[in-house]
Amino acid sequence: MKVACVGGGPAGLYLSILLKLQDPSHDITVYERNPEGSTYGWGVTYWRGLFDKLHAHDPESARAVEEHSVRWNHGVAHVRDLATRQDGDEGHGIGRHRLLELLAARARSLDVRLEFEHGITPENVPDADLVVAGDGVHSALRTAHAEHFGTEVRAGRNHYVWLGTTKVFDAFTFAFVETDHGWIWCYGYGFGPDRSTCVIECAPETWTGLGLDRADEGEGLALLEKLFADILDGHALIGRSSADGSAQWLNFRTLTNRTWSHGNLVLMGDAAHTTHYSIGAGTTLALEDAMALAEALREHAELPEALARYERRRKAELLSVQSAARYSAQWYENLPRYIGLPPQQMFALLGQRHSPLLPYVPPQLYYRIDRAAGQLEVLRRFKRWLGPKIARNVHARALDSRKD
């Protein structure tokens with residue numbers, strides 16, 4: 001099979017690796033519009049479950065990724081001048097540039113062609129049996145057929161900016177700072193020996209009240225360094241200037257598609273779906289897309305059947321993750337509901353932010369129920385039953401309102 005992967009991100013590179021491992025005779029080219037090594041994105045996170053899947057599919061690249069990752073197994077939350085620390089699942093961070101470097105080297109070793117500084121547009125789509133659009137949330141190939149794919153984009157309320165820092169966090173770190181214009185907070189995690197990612201978020205009224213909408217990048221970074229001085233310990237925040245010199249504040253865009261394929265063109269990663277960054281799943285989901293597509297192509301000789309199987313499987317697997325991301329984003333958009341709780345309770349509900357029950361139960365009552373459920377099996381079963389039921393009903397109402 002001749003395969004053209006458009007976009008040199010983790011999904012496209014990993015798919016090329018898996019297809020070559022399945023059949024070395026596949027003719028595979030990965031096209032990336034940017035120069036090699038020019039990626040932006042600081043660090044990405046993943047959890048132990050993904051590493052186990054990577055090891056099952058290609059132990060060699062999995063070992064390389066693990067070797068260059070940092071690990072943590074606890075989280076720290078700072079609220080005003082108080083802090084609380086809790087154990088959690090084992091998490092991993094790796095620089096996006098390093099991840100791409102490792103996957104590119106593995107792909108080359110399997111005779112995948114990598115074409116950097118080679119942008120693909122709807123007018124110059126390569127002649128191939130399969131064209132994979134892994135070119136991100138702004139995918140040109142998807143946009144050219146947006147009506148067919150049924151693309152929908154919903155912008156979130158809060159503003160955020162993705163930064164780096166020379167402060168190396170030894171835990172997944174949250175910090176919530178109260179200002180005269182409302183709360184602003186960050187998520188920080190290490191991804192290398194001398195760097196961490198620091199994502200900063202706030203409500204629109206806080207963003208404008210602090211003047212972040214008018215500040216250039218230098219002014220904005222200086223203000224943010226002052227606000228988060230307690231956790232940065234004198235270290236700098238690192239940004240990326242846009243053309244006009246302003247910091248790149250964004251509203252997160254949740255993207256969905258009604259269908260994921262059009263003839264021999266198929267969507268993967270952020271071109272197909274996005275999930276809010278607060279659950280740290282974007283890279284994981286892109287790599288899992290690649291695994292599912294490779295398996296579907298191996299199991300089904302006919303391309304239409306393979307692409308249909310891939311889409312059905314991934315849409316089903318994404319339901320719970322997308323629900324968790326939706327509720328996580330809403331938790332932060334409704335931060336005043338939780339921020340006044342004692343730090344231990346607030347941090348516990350921060351860990352429960354993906355629960356469909358939490359928005360409908362008073363926070364302190366939810367905390368008590370959750371603590372009791374940890375000790376009583378009957379309450380755990382009731383919580384597991386009621387949460388998805390509420391989520392389905394809310395999702396159905398949301399769909400009906402969009403139809404209206």
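This is a predicted model: local features need pLDDT of at least 70, side-chain atom pairs count only at pLDDT 80 or more; totals for chains, interfaces and linings use all residues.
Biologist: How far apart are the end C-alpha atoms of helix α4?

Modeller: Helix α4 covers residues 96-109, which makes 14 residues. At 1.5 Å a residue, counting one less than the number of residues, the helix should span 20 Å. The model agrees with that expectation, since the end C-alpha atoms of α4 are apart by 20 Å.

Biologist: Let's turn to α10, then. At roughly what angle do the axes of α2 and α10 cross?

Modeller: Two packed helices are described by the angle between their axes and the distance between the axes. Here the helices are α2 (residues 48-57) and α10 (residues 282-299), whose axes come within 11 Å. The crossing is left-handed, and its angle is roughly 35°.

Biologist: How many nonpolar, polar and charged residues are in the contact of α2 with α10?

Modeller: On the α2 side, the contact is made by L50, K53, L54 and H57. Helix α10 contributes T284, L287, E288, M291 and E295. Sorted by class, the contact has three charged, two polar and four nonpolar residues.

Biologist: How many disulfides are there?

Modeller: A disulfide is a covalent bond between the sulfur atoms of two cysteines. The sulfur of C186 has its closest cysteine sulfur in C198, at 4.1 Å, which is too far for a bond because the cut-off is 2.5 Å. For C202, the closest cysteine sulfur is in C186, 12 Å away and again too far. By this rule the count of disulfides is zero.

Biologist: Is C202 buried or exposed?

Modeller: Buried means under 20% relative accessible area. C202 has a relative accessibility of 0%, so it counts as buried.

Biologist: What about P363: is that residue buried or exposed?

Modeller: P363 lies in helix α13 (residues 363-373). Leaving aside neighbours within four places in sequence, P363 is in contact with R337, Y338, L341 and L349. Its relative accessibility is 13%, and the limit for this class is under 20%, so P363 counts as buried.

Key:
Residues are numbered from 1 along each chain as its sequence is written. Side-chain values use heavy atoms; hydrogens and water are left out. Helices (H or I, at least four residues) and strands (E, at least two) are DSSP runs, numbered from the N terminus. Buried means under 20% relative accessible area, exposed over 50%, partly exposed in between (1.4 Å probe, protein chains only). Contact means heavy atoms within 4.5 Å. Axes are lines fitted to C-alpha atoms, for helices over the stretch in contact, and angles run from 0 to 180 degrees between N-to-C directions. A crossing is left-handed if the near helix is turned anticlockwise from the far one by less than a right angle, and right-handed if clockwise. Ala, Val, Leu, Ile, Met, Phe, Trp, Tyr, Cys and Pro count as nonpolar, Asp, Glu, Lys and Arg as charged, and the others, Gly among them, as polar.
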